[in-house]
Structures are given as C-alpha cells and as structure tokens.
Amino acid sequence: MACYTANWNPLGSVFYRKFDLYSMDWNLKEDLRDCLIAPGPYGGPIALLKNYSAKGKSSGLRPVLEIYTASGLPLSSIPWKSGQVVQLGWTVTEDLLCIQEDGSVLIYDLFCGFKRHFSMGNEVFQHHVVEARVFHTEYGTGVAILTKASRFTLTTNIDDLKLRRMPDIPGPPSCWAVLFQDRATMILFAFGKDLYLLDHTSCSLMVPPGMNPLAGSYLAMSISFNHKLLALFTEPGYIWMGSSSLKEKFDDHNSSIQLSPKQMVWCTRPRSKQHAVVLMWDRLLMLVGNSTESIQFVLDEESYLIPELDGVRIFSRSTHEFLHEITGATEEIFKIASMAPGALLLEAQKEYEKASQKADEYLREIKDKGLLSEAVTQCIEAAGYEQEPEMQKSLLRAASFGKCFIDKFSPDGFVKMCSELRVLNAIRDYQIGIPLSYTQFRQLTIEVLLDRLVLRRLYSLAIKICDYLRLSEFQGVSRILAHWACYKVQQKDKSDEEIAKAINQKLGDTPGISYSEIAARAHACGRMELAIKLLEYEPRFGEQVPLLLKMKRSKLALSKAIESGDTDLVYTVVTYLKNELNRAEFFMTLQNQPVALSLYRQFCKHQELETLKDLYNQDDDHQELGNFYMRSSYTSEKRIEGRVSALQSAVDEYSKAKNEFACKATEDQIKLLRMQHRLEDELDKSYLDMSLHDTVYNLVMDGMFSKAEQFYKEFKIPDKRYWWLKISALAEREDWEEMEKFSKSKKSPIGYLPFVEMCMKQHNRYEAKKYVARVAPEQRVRSYILVGDLDQAAEAAIEHKNENEMILVQSKCTPTTDSVILEKINRAKTQILKK
Amino acid sequence: MAFSDRRDAPDLPDFALLKRLALDQLIYLLEQLPGKKDLFIEPDLMSPLDRIANVSILKQHEVDKLYKLENKPVYSNSDQLCFLIRPRIKHVKYIAGIVNADKAAKRTRKYKIIFSPLKLYVCDMVLEEQGIFGDVICDEWYFYLLPLDDDIISMELPEFYTDYFLEGDQRWLCTVAKALHVLNSLFGPFTKSYGIGRCAKMVYEMWKDLEDESEGDRKEKRPAVGSIFLFDRDVDYITPLCSQVVYEGLVDDIFRIKCGSVEFGPEVTSSDKSIKVLLNSQDKVFNEIRNEHFSNVFGFLSQKARNLQIQYDKRRGMDIKQMKTFVSQELKGLKQEHRLLSLHIGACESIMKKKTKQDFQDLLKTEHSLLEGFDIRESISFIEEHINRQVSPIESLRLLCLLSITENGLISKDYRSLKTQYLQSYGPEHLLTLYNLKRVGLLTEQVPGDTLTAVESKMSKLVTDKAAGKLSDAFSSLAKKSNFRGLSKKLNLIPHVDGEYDLKIPRDMAYIFSGAYIPLSCKIIEQVLDRKAWTGLEEVIRLLNGNEFADPLSEGSPTSDSQRLILAVFLGGCTFSEISALRFLGKSKGYRFIFLTTAITNSARLLEAVVETSLNVS
C-alpha cells in the first residue's frame, strides 16, 4: 500500500493523479496531428477524419471517416465523399456533426449512417467557415461558426435550428470560445490585447480583473465544462484563471513558455475549491493551479486532451489516460499516515482479515470518537472514485465490516454503490470502452447510459444492466428490446418471416413494447410485408390501424378497426375510405363490413340524409327505404302534396319489401291525410297529424256524426273501438240525447257498462241509471256500484248467488250508514254456506 | 325490516372516491381555461353534474354564468365560452353555429368543448366540416361512473340501450370496458367473471384487452370486489316490462327518479311547491321501505309515525338540562325524519290514488296471466280495449310487448290486428315505432318452424372471418326468440304457493312482483352464482340463445369477504325492482351486490327509447 500514493502529485493544497484507462490498439498509421479529431465527452466515441485537408487530396489519398470507442476499437468507417470538413463534433445524443467549409453540417450516427444535414445559412456559405465549435448547453447541442469575413453565426440547438448572426467584430480574432451564461449563448474572443464579449446585440470590451498589465496579446482561452470558469493564456506565457463572468480572478500563473499551447483545458471537479488548468505543448503537459509551482508531465507522443466534468482525458496513439484531482474522501483515507476515520477503518478491516487483535484497537479508536458511521460513509464514497476493482472491493469490504458495528445503518448507500460500481466496471471494459467515472455517471444518469449502450447496439448488455439494477420493465427492458427490434428490421439480408419471428420470439408480449413502432420502422425501410406481419403482434388496434392506413391497406385497416370494437377507429377508417375511394367503391367496401356500414348510416342520419338513401338503394333495403320516406314525410315535408308523395314512395318501397302490413297501413295513412286535409278545408279546423281515433273523436265532439260515420265505414274501424270512441266523446260533449239514440241504434258490441261508466265520469247519475238495466247480468253488480246504488248492487249479487260479488259490495259499504245492506249480504252468505 | 341482515354480509367499498376523481378532473379542465367563462351544460348532464359539483364549486373556478344548452341563440357577453356536452352530433353542430355566428359578427372569443365521457371521432368530423376545428379547444371529462348510492353506480348513458340494441352501434362498448377497467384497478382485481349476452361478451373481451395492456403497472393489492357478472338487457325483457310494485320502483314508475333524486309535486308535498328529494340510503326512512312491497309500506310508515310521536313526547317531563340536550342533539334528527316521513306518506297517498283503482288491478291481473300463460285470449281483448280506449301509448306498447315476449311472438292474425288498432289510436307514424320494436325483438310475429331470422341468415352468409363473426354478433342480437315459457318452466319462475303469498315475510325474489313471478335476470344470476359456473344450465343457455361465459380472472382466497361482493353489470339498464330482488337475494345468501348499470331504466324508459324519435324532433 505504500506505493498507492506514488502517482499522486501535489499542487497547492490538493493532489492530482494520472492513470491509464486503456492502452490503445487501434493501429493508427497516421499521426494524430494529420487527422481531424472529435472525441465525445462522458467517455464517448472518438471520430477521426483522415486525409482531410485539401493538401491531402493532391497526394491522391481519399479522406476516410473512422469512429472508434474510447478504448480504440473500431466501430465503423466510411470513405468521405462530401465537401471539405472544418470541424467534427459530437452531439449530446452521440451523433457526429461534420461541419463543412461551406457551412453545411452533416449528421452521422455512431455507425457512420447518414441521418440528415442542415445549413448554417447563406452568409456562411458565401464566406466559408474558418473555425467552428460544437458546444453543449442545457438546450442541447449547438454550433458556432467563424467565417472568413470574421463574422460569427451560431445556433444553440441543432434540433430546433435557429440561426443567429452575431454583430460585427473589429477583425479576425486570435482566439475565441463559446460561453453560455444566464440562458444566453455568447462568444468571448480576443483581438490582439483586447478581450471582447459578443452577445446578440453588441460587442463589448472586457477587462479581466487582476490581469497582469504586462501580459501581451491573448493566445488561447478555455471555458470549463460547466461554462463557469475561464482561463486565458497571453503572449509571455501568462495564465489568468477566473470566473467566466469576468468578475472574479482566482489565480494566475506564469509558465514562461511563450508559445501558444496546442490545447488548454480545465481540470477540476464539481464543488472543488481548487482550480487547475491543463496546458499541452508538443512534448509537455503542464498542470497549473493556485500555486507558483506546476505539475509537468513529459509527453512521448502526439496527444489530445478531452475535458470532462471531473478531469481531463488524454489520449495518444498508444495510450488513453485520465488526469484528475483526488477527492477529499480518497485523500483522507490514503494520505500517508492519515488518521482519518476511513483510513483507520480500512486498516482495521485488514487487520481483521489477518485475525490480528489490532483490528479491535483501530475500531475502538474510531468508535470512541463516535466517527464510525462517518468512516463507513468515507469508505463507500472513496470506492466510487477507484478505477481498479480490487481497490473498490477492499474499500467496500472495509465499509461492510464497519457497518456491522453500527445500529440501524441504512444499507441503501452501500448497496447502491456496489451495484453501480459493478455496472461501471462492466462498461469500462475495453470491449465496451466507455470510461465513465463515478461522478460522470451520476451526472449522466442510468437512463442516458442505457440509451448510449443501445446506440452502440449493445442490447444484451443493456438488458443485463436493467435486470441487474431491477429497473422497471417499462423504462428498461421493453425500451431496449424495442430499439433492438427497430434495428433488426433494417437487416436487409434476412427474410421477412425470419425477422418477424425472431422479433416476436424475443419480445413476446413484454409490456410497453409497441409493435406498431417497429412496424412503422419496417415500413420506413420499405418493407411492407414485414410491417404487416409485425402489426399482427400489436395487441392495440388503435396503433395498428393508422399505420395500415398509411401503408394503404385500407381494407385490412377497416377489418382491424372493426375487430377492435372501437367505433372511433372505424370512423377514422371510414372517413379515410370516403376520401380515398370513389363513391361506388366506397359503398361496396362498406357493404362487406356491416358494423362500419351501420356506423356510417348513423352518421348520415344526422349529417347526410341523401347519402343514407343512396346507401339503402345500393343495398336494395326496401324496408329501410320505406321507413326513410315515411320519416321524411313527417320531418322534412311540410306541404300536404309533398307528404303524400313521400308516403306514396314509402308504399312503393314497402311493397317491394313485401311488407303488406306496412303497405296497407301507409295507404290508409295517405287516405287519412287526404281526408283530414279535406276536412280542414271544409271545416276550417286543424285535423292534420291526428290519429284516426282522434280524428273521429273530434268529429263526434263537434257533432259531425255523419262525417264520423263516414270515417268509420271508410277505414273499417272495428265496432268495439267505434262504440267506445263515440260514447266517450258524446259523454264529454254531454250530448245525452244522442247517446241514448246511439245506444238504441243496435246492440252494443261492448255491452252497456261503458255507458254507465262514461255517464258517471261526467257525474251524471241520472243518465247512467238509464243504462244500468241493460247491462249484462254478470256486470250488473259493478254497474250498480258505479252509480252508487249499493242496495240494488246487493240485491243483484244475492240474486246471482255470487260470493265474490257480495264481498265486492261489502267492501264498498261503510258500516255506519249501510248496516242494512251489510246485514242482508251476511244473511245471503250464510244461506249459501248452508247449501 | 322483513328480513334481517345476515351477519356476514361483507362491507361495501367506498365508491365516493369515484366522485372525487370526477370532480378533480373537472376542476382541472376548468382551470385549463383560466379566467372568467360562461359554462353551457347539456340538459342530460345537468343532474349528473349536480351530484358531482354544485354551483359554488363551479363559481370558485371562475365559471361566471351557467346556461342550459338549448337550441337557442346565445346571449353571453363572456369572452370565454365553455361547453360541457355528450359527444353528440347535434350539440357539436349547435356549437359550430355559435362560433360561426361570432365569426360573422367579427367577434373573437375562446371556445372550449368538454366532452363527457369521451370525444368521438364523429365530433371532430363535424367540427371539421363546419370549419371550426381550429377555433375550439376540445377536452374530455372521463366521467364514466356516478355512484348513485352505496351500492349503485350508474354510467348515466340511457342512449346506450338505443345505440346498441336498436341501431347496432357499438360506440359505448369501449366506454363500459374502460369503466370496468377503472373499477378493477380501484377495487379489484376481480377474481371471477360471468356473463351472458353478446354485448356482455364483447365488453368483457375489450375490458380484458385493456387489462392486458396495462398489466405492467398493476400493483399487488387486496381486492375489494370478488366476482363480476355482466348481463345484457335483451336477455331478459320481461322483468323491466312488468309493473313495479316495490316502493322504490313504484316511485320511479310514477314520479321518475332522475339521477338518484326525485321531484315530488304539489300533490305529494301538500303545499304549492315541488320538493326535490335525494333518494338513497342516507334517507333513513326511505332506506327501510325502498325494497318493500308496496302493500307493506303504509303500515310501516304509520308505525314509524307513531314511534316518532313517542320520541317527540319524551320532551314532556324533561327538566331544562335534559331539554337542552334534546334540542341540541335529537331534535334536528327527529325534525329531519319527520320531514322525510311526511314526504313519503304523501308519495304513498299519491301512489295509492293511482294504483288502487280498478284499472290498475285489472292491469296487474292481465300481467300476471300473461306471465303464467293463462287466459291468453282474455288478455288479448284486455289489451285491445286498452288500445281502443287510448289509455296511454306507452302502457299499451308495454302490454303488447309483454304479450309478444311471453308468447314468443304473436300469431299473425293478432299481430296484424293489434298493430292496426295501435296505429288507429295513436297515429300512423308509429308504424316506425312498431318496426323498431320488431328490430329489437320486443314485438314480433311467430314464424312457424324457421329458427333463423332474416337478419341472421343474411348475416351468416357474410361470416367469413373473425371480424365478420364479431360484427354479425352485433346484428343478430336483433330479433331473437325469447323462449319465455320454456325458461319459466326450467327455472321455476312462477312460484306455486298454497294459499296467499306472504308479502310481509318474502320467501323468494318473487315478492317484488307480488309473488307472481321471480325476475328472470335475477334468477339467472342466482343460479350461476350458486353453481359458480354455467354447468347444469345448458338447457337454459340454449333457451337464452347462448353467449354465456365464465372465466376465472385471478387467484383470490375463497374465504375472504370480498369474494361475496359481486358486481352486477347491466348493459342497457336495470330496474329498481331488479336491484331490490338482488338485494334480497344477497341478504338471504350472504352476498352483497354492487350494481353497475348504463342507466336506471323502467318499462316507460325502455319503450320510449324505441319509439321513433325523429317524429318528435322537427
């Protein structure tokens, strides 16, 4: 362990260490300096454009675009056939931006697949790009361009392209950087000895506080990863470090190297008080901070710096290293002769493994100070910053050991660290080649990491990670499988069947999988049959149907929509068909789909009555056509002729439908309408729209007995109805004379009880009594009761010897007033019993 | 009460949650349109809305004026108009009219349409056709489930019946499936499902699909409701067509209960104004009589009145202190009870006046003989007279339908003559109504021999693939045989009792029809629950035209209380009589039923739904 801090380099109050991430075996023949290089942040891929310069062309070598993992494994390459590239850069979603001299930007994916392109505008096209920068802000990925005419043009988000042309500047800048502050993108540039801040409206001169007055022209500048820090390098080798707002100076340093550095980047970690900048010259790497000293490394090879959130990655043709500031926890534990609780705990655990009683001494020392939980936390935290699994393990073991001696120490942090480290170790493997530090990982989040694995087509690793971290299927496995399937459908060498089967086998009915999305992808690749096969697996009809329509499989879409039972879907398809097909075809399609047809009819009933008629016609549905005319005779036709002719059409249709009853009824209706109309003319009174019954009733009410008689005969009104109708109307009219006459006209088909009832309804007992005698014997009791003659009722009941009737009469009697009758009935009852 | 609670009847889940969910969403939707706005509510949504949010809640969320959506010009000065409607074409057209009128007058306002329970694609089509698609904001208020009472949830979709059973339009099936999904996720998972009817089957399958889709985010929890029973209204038309004689059903038949509340007119309140009363289990008096046969109600009420008097009388001989507690604690309750009691007594008197007449007795007698299948000729002439005397168009239809269904269709001669009579009495345009009745199978002609109806045979030609199979399902529901006699015999629907049926201490569910008939729907549910399957009912299934299903859904411990909680789903409406009957069944077997219905129905509503509507709309 003594050598553990061997690669620690002190600078000011903190230590820095540089260690190997990978040894690069990418067999580069070219020198890095001859390539255009773009390494992605967060352990992203490295893009190289070889032979890019115009000079190269003369040598006959074609430019080649190659993409490697951070560990130097080739991912893809293509010969570059487009224009002159000025700058390469990665977006936050790991797409490669190739900025060409003419201002057009081509976007490629990790596998050199062309995605799209956009232009930085006409002005850039005319004046050509001198320099370009790709930058990342909370809005996404942006591009800034400096043209030959010394104008800046930039966009803050390439996915929502808004080009902004910046104001004029005094002349070509010696160095510049994109600055993002207060949600605005600005450009900081130097022109000779002056420093300017360029925003959308103005260009203002800035003077960094505490700037050495002797410092000459600005040669280089660097903005930190989080846009908060700014470093400036001036002619005599003077380095100024301060806040990017130019309000505060942290440190300065004199490197006494007058040459402009090849790269200058910040090397600091979040929330650190220490600010340090790494500068690189041909053979020298220098780290300067708040100290007059500096750390210097000799470089054997041409190298390249990649600023990261918490340090700097340095890669060359053979190595890939990480330079970073040692964190507090690590320093406390490993500093030589440290007595920090974490250090003691680590020691205690080691002694414990050796079965030495010293373990107890160390432990006691920590516990006595009450710092055990702090010690455990320290060990867990430090484990996160270690690259080597062995070291991680030993720190975690110490944490686990210490944890045993604390009551109620929440295991969450420990468990989380263990599982996350396992994931990190897996992706740091050189086969995968994503050298994420723990700090970067936390910033990036697991979801984004999974996305990046998916982008690299590392589906199985991504799924294993999801399973291991127990992410919900919905946001984890399902999403990955869906991506896999979308990739799968693009494999042109496999048959539709094979692919559909393979996809279904893998995906099954995993929740959250959208087969329709995969099918849409297949459709986009021009594989119709595959898309349809895949749609078969889609359980949600709502997702199937729109895509089928898009693929012009409207009939299939219609039957799917119907199968879904979702009427809205059916309507969607029907509307689509209506616009797509000619009318005859449209109707024919509907004919075969009764559900759709009935839905469309419903719609037509409200919106397009004429279409409805056409539909019935097409269908030879004469019954419905008859109904249709019938309805229109009552709703849309106002004039009598119109109504009659509508009804006549109905009759025709009904007769075609062989519905005799409806025919007859409608004919009667026409007859009724005509007669009512005639009545209206004659009597100047409204009869229209009355039923036959009401018409005749009204005629009787108005004393038109012969007219009523005429209707009775004309329509063959059943006798019973006519009698009921006539006597109730006469009673209402109180035409007792006519009633009596009528009662004697012939034998009543409804008997005479109704006469009694009707008279009593008008409270005319006198008239009622006239008919009682004529009531049939079996109803006579009821008629006596109706007229209120209980005595007679009793008599009649007794005469009939009918017990039920007697009970009925009894129930109508009031004991006080009708005692005589009651007695009479009781007597009769007993007599019946005797018999 | 005539029957006592079995001690182990499980508790009901708290459905008030559904109301809170609906209210929260409504408020959210209103807040989405910030600032003062006028709200136009369609008449059919007024009562349901009233049960969810009162005016002051609406005002709190900046609703300025409230209007009923009527086919009239709008005189609103507000710059924001919000419409709360069912997804119907005529409403959308009306709104389009308003928007276009504003456009013509160069007036700019904000318009928002809230569709409840969902927006249909047709609405978009109409908006587009009227050229205002971009001018209005549309939203959906997912208000599927209104708990009317502790055990009744209504979807308040009376048009479900017409749309599905008459027009063969499946637009609401999804909504019902979604409603089941909501209930299942809140109170489930249900362990077992049963059902009968084509619609039930379709809804069930849609619901299962929904469940499968959302399987990912289901959490383990204890189910509150055990089984679910889906029932198509057209499996049993007899029960809703019978005159109701249980108190709650009678009140519904006579005064029309609307969304759980009834408006008692002056003849009941014995004052000159009407009173709106909420009828649910909160009303102590009502709760005790709602399920009783009407003949018991009066006696019960007078007993209650006496008890109340005794309680009032306690006042006498109280000292001041006791009096104080009496006034502060008991008096309010007594007053309340007093008020309700007098209302119900008033209602009873009003019912008595109407129902004890000779006509009503004759009517009941006819109904009973139709159910039993005796004296058919006599019943027919009674119906004929009923029609001839123009007693009531709906009542006449009811009797006609009852006759047709019990007799499995009318013989041709009667069919023609009764229809002619009907047209003569109530107007020839009812030809369309009669045709509609034939379509839904309520009024049919006996077809000798032929078992397949015309529609079905036509359909069967088209049945070529699965999709066509499904759609033919929708259509063959039209006009099918009722086989009532056979069913009645198989299931013993007509109880044979020696002597008089004791309505005070009922023995079976027949009490809800004065002991004359056990409701078919309830009997089927009872039989299936007893067997926990359809096995042994094969003959009954055949008579019911099939489409039964029973499906275990998830594992549940058979002993837990929730297993005896049964969600009875009526597609196309259920009547209060059926609810009373099942409550009775529950009490005698230790089940507890929860009712989910597309709407509360009764004979009048059922028939009015089929009466040709275009005749009333000009």
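**Ground rules.** The model is predicted, so I took local features only at pLDDT of at least 70 and side-chain atom pairs only at pLDDT 80 or more, while totals for chains, interfaces and linings use all residues. Residues are numbered from 1 along each chain as its sequence is written, chains are lettered from A in the order in which they are written, and side-chain values use heavy atoms, without hydrogens and water.

**Confidence.** I looked up pLDDT (the predictor's confidence in each residue, from 0 to 100) for chain B: the average is 80, and 88% of the residues score at least 70. Residues 1-7 of chain B lie below 50, with 14 contacts beyond near neighbours in sequence; a contact means heavy atoms within 4.5 Å. Residues 449-479 of chain B also stay under 50, and I noted 43 contacts for them beyond four places in sequence.

**Interface.** I found 53 residues of chain A in contact with 55 of chain B. The two chains bury about 4700 Å² between them, 58% of it on carbon and sulfur atoms; this is accessible area (1.4 Å probe) lost on being put together, summed over both parts.

**Charged pairs.** The count between chains A and B is 2 salt bridges, each a side-chain nitrogen of Lys or Arg within 4 Å of a carboxyl oxygen of Asp or Glu. I looked at Arg439(B) with Glu624(A), a salt bridge at 2.9 Å, N to O.
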